[in-house]
Amino acid sequence: MLTVAMCVALLGCVQAQELQGHVSIVLLGATGDLAKKYLWQGLFQLYLDEAGKGHSFSFHGTALTATKKGQEVLVKVLESLSCPKDVAPGRCAELKDQFQQLSQYRQLNSTEDYVGLSKDIEALVQRKGLREAGRIFYFSVPPFAYAGIARSINSSCRPGPGAWLRVVLEKPFGHDHLSAQQLATELGSFFQEEEMYRVDHYLGKQAVAQILPFRDQNRKALDGLWNRHHVERVEVVMKETVDAGGRTSFYEEYGVIRDVLQNHLTEILTLVAMELPPNVSSSEAVLRHKLQVFQALRGLRKGSAVVGQYQAYSEQVRRELHRPDGYHSLTPTFAGALIHVDNLRWEGVPFILMSGKALDERVSYVRVLFKNRACCAQSEKRRVGAQSPCLPRQVVFHVGHGELGSPAVLVSRNLFRPALPGGWRELEGPPGLRLFGRPLSDYYAYSPVREQDAYATLISRIFHGRKDSFITTESLLASWVFWTPLLDSLAREAPRLYPGGAENGHLLDFEFSGGRLAFSVQQAEQLVPGPGSAPMPSDFQVLGAKYRDSPLVAAWPEELIVKLASDIEAAAVKAVRRFGRFHLALSGGSSPVALFQQLATGHYGFPWAHTHLWQVDERCVPLWDPESNFQGLQTHLLQHVRVPYYNIHPMPVHLHQRLCAQEDQGAQAYTEEISALVTNSSFDLVLLGMGTDGHTASLFPQSPTGLDGEELVVLTESPSSPHHRMSLSLPLINRARKVAVLVMGKLKREITMLVSRVGHQPKKWPISGVLPDSGQLVWYMDYEAFLG
């Protein structure tokens with residue numbers, strides 16, 4: 001009994017000691033805009049929430065501002081603080097007075113100033129007979145000041161043994177992966193990882209903070225739905241009506257992708273996509289599962305995003321930053337990005353991230369749109385309420401603003417009735433309100449009982465040591481690894497100009513297909529030099545012109561391949577829609593390899609199941625030989641896509657253990673196969689190349705066969721090894737509905753110039769004989785082949 005009593009007494013002493021803990025909160029940059037607008041109010045809310053619960057507090061506003069002026073600013077800020085509506089006016093006045101008594105301003109500049117601050121905190125704790133629990137340093141200062149401040153805190157202002165230290169850092173956390181790595185290394189030399197709290201204020205937004213608890217409390221309903229089998233797409237959107245006026249110095253350095261997509265929207269994406277840990281209250285487990293999402297993200301390419309800039313932006317930059325009259329900025333103020341999470345849960349599901357300034361509305365939301373396979377016989381007006389299975393099915397985390405005007409969680413009534421934690425209630429919006437195409441009555445809608453500012457939420461979590469609402473070094477660097485290649489590829493990209501506001505119309509609408517985004521409203525294709533006196537290669541858009549009186553598409557190699565792949569997919573979709581099948585004949589050689597890879601990895605909407613693949617030409621080697629064109633097709637395309645094996649038609653160059661023997665009649669056999677399966681022997685699309693001698697397919701200058709006559713498939717001789725070839729003839733190629741000629745590389749410049757001047761002379765230059773009888777010929781050239 002004595003032992004038990006001693007333990008109880010000892011425990012009581014320990015608890016009493018805990019209740020005496022003193023916390024010092026130091027706000028660096030205390031007279032700045034962020035501090036005045038949000039941080040002092042957030043600190044006051046922390047005091048309202050924690051006063052009387054055991055800890056004592058002191059609040060130290062610091063800046064480079066001189067003491068007298070800083071004190072004047074602080075007095076005004078503290079007088080403007082407000083209490084929530086549920087706090088009685090008398091109680092509010094009492095707490096506000098206490099908070100003002102506990103808050104003071106001091107100039108913090110030199111190392112001696114930090115030493116003096118630390119001594120004052122120690123003296124205060126000792127004078128009141130308290131135990132120091134910890135210190136919070138909130139860096140509301142530009143990132144270039146972090147290192148100096150961190151050094152001073154580490155050397156002169158750490159709390160003593162047994163007390164914790166928490167330093168709070170505001171974005172931007174670097175400009176790209178390299179700068180973020182350097183900043184992280186620098187800060188890591190002064191602070192431990194558990195001491196650093198990087199703020200992304202969107203993680204404090206009530207609707208965003210609700211994503212994991214919502215998923216957790218509705219596991220039973222969502223387990224079967226939250227995956228690629230049921231989710232059509234996920235949209236993470238932040239739209240603003242304001243422009244960048246007054247902030248152009250920041251925007252010129254960062255732009256919309258760095259400002260919003262790389263941090264706010266990506267963090268939200270991880271909350272939606274991550275696997276739920278058994279315990280969502282475990283900060284360590286949540287952070288580990290978020291990191292797994294980064295590891296599963298498919299790399300971004302230039303075609304993964306579209307960017308725009310409101311028309312007045314460059315003029316604002318010239319005015320605010322004193323740029324010359326001819327200056328045109330390439331900084332994007334609008335961006336949409338297509339992201340894929342390559343794991344079993346999300347494979348193939350598009351995640352659309354979008355943000356911009358000077359748009360038609362101010363709103364932020366996360367929208368999970370579900371597939372709907374229901375087909376209802378009755379018209380919509382006769383369906384029973386919002387329970388109809390044919391209505392859209394979606395879960396929306398409405399972050400704020402918009403017509404709703406407040407945070408909310410919306411769940412379509414034809415999905416399930418959700419469970420929400422305490423502090424949320426059913427929402428009754430204004431009559432006639434429609435959200436995402438449906439009346440509010442179509443949703444189970446919930447809003448917070450008490451709205452709270454994001455910074456107040458995050459400051460509370462910092463105080464309680466909840467790290468899952470903050471950005472770890474590992475996650476930060478993983479995000480920059482993901483976004484930096486796209487940012488580099490867009491560095492010299494001229495964004496699409498838009499007027500701003502409602503006048504944007506459909507100009508910024510975009511579509512996604514096969515891993516690529518593109519604006520829905522196409523601008524005229526032309527050769528357009530970008531801003532500046534010395535255009536760079538990437539300053540040029542795709543060139544649409546004429547070559548040998550046929551359409552020409554010219555671009556840098558990556559854009560050219562993307563354009564050709566998209567055109568082939570469009571032709572395939574059109575043919576399948578009209579005829580139920582698509583017959584595609586592909587050339588061999590090295591030029592199409594990049595195209596095959598693009599089709600294999602970036603075109604998941606391609607109708608492969610209805611596509612027949614044919615060869616334009618083949619070398620007389622076994623199909624498994626590395627020299628075989630079919631082997632290249634197999635390696636770079638066929639093994640990655642689902643084409644029925646009976647839709648694959650290799651050329652029969654290897655019969656009866658012989659290669660291209662006349663008596664085996666392989667060419668005749670291929671002719672018969674084409675005639676039997678391809679209507680009028682007219683391929684939907686034939687892809688050709690052009691050799692430096694003007695040959696195409698395996699039709700060479702002075703070839704005795706294949707340039708004219710009745711034969712559709714011929715055996716030919718190549719001047720280079722392997723010499724024996726099988727090829728489609730020019731008459732068969734010219735029956736195609738469309739012929740695409742792909743020409744790439746500096747070595748093709750000379751033949752490109754020559755062929756541009758010659759007439760119809762297939763005996764000298766077989767490529768000059770390519771001219772479909774009733775179809776279309778389109779040339780695809782990269783700039784090196786076209787411009788040298």
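Axes are taken here as lines fitted to C-alpha atoms, for helices over the stretch in contact, with angles running from 0 to 180 degrees between N-to-C directions. The model is predicted, so that local features need pLDDT of at least 70 and side-chain atom pairs count only at pLDDT 80 or more, whereas totals for chains, interfaces and linings use all residues. Residues are numbered from 1 along each chain as its sequence is written, and side-chain values use heavy atoms, with hydrogens and water left out.

Helix H11 (residues 248-273) packs against helix H15 (residues 473-489) at an angle of about 135°, the axes lying 11 Å apart; helices are DSSP runs of H or I with at least four residues, numbered from the N terminus. The pair is therefore oblique, the class left after angles under 35 degrees (roughly parallel), over 145 (roughly antiparallel) and 65 to 115 (roughly perpendicular). Ile 257, Arg 258, Leu 261, Gln 262 and Thr 266 of H11 form the contact (heavy atoms within 4.5 Å) with Leu 476, Ser 479, Trp 480, Trp 483, Leu 486 and Leu 487 of H15. Seven of these residues are nonpolar, three polar and one charged, where Ala, Val, Leu, Ile, Met, Phe, Trp, Tyr, Cys and Pro count as nonpolar, Asp, Glu, Lys and Arg as charged, and the others, Gly among them, as polar.

H11 also meets helix H13 (residues 313-320), the axes coming within 10 Å and crossing at roughly 125°, and these two helices are therefore likewise oblique to each other. Here Thr 248, Tyr 251 and Glu 252 of H11 face Tyr 313, Gln 316, Val 317 and Glu 320 of H13, a contact comprising three nonpolar, two polar and two charged residues.
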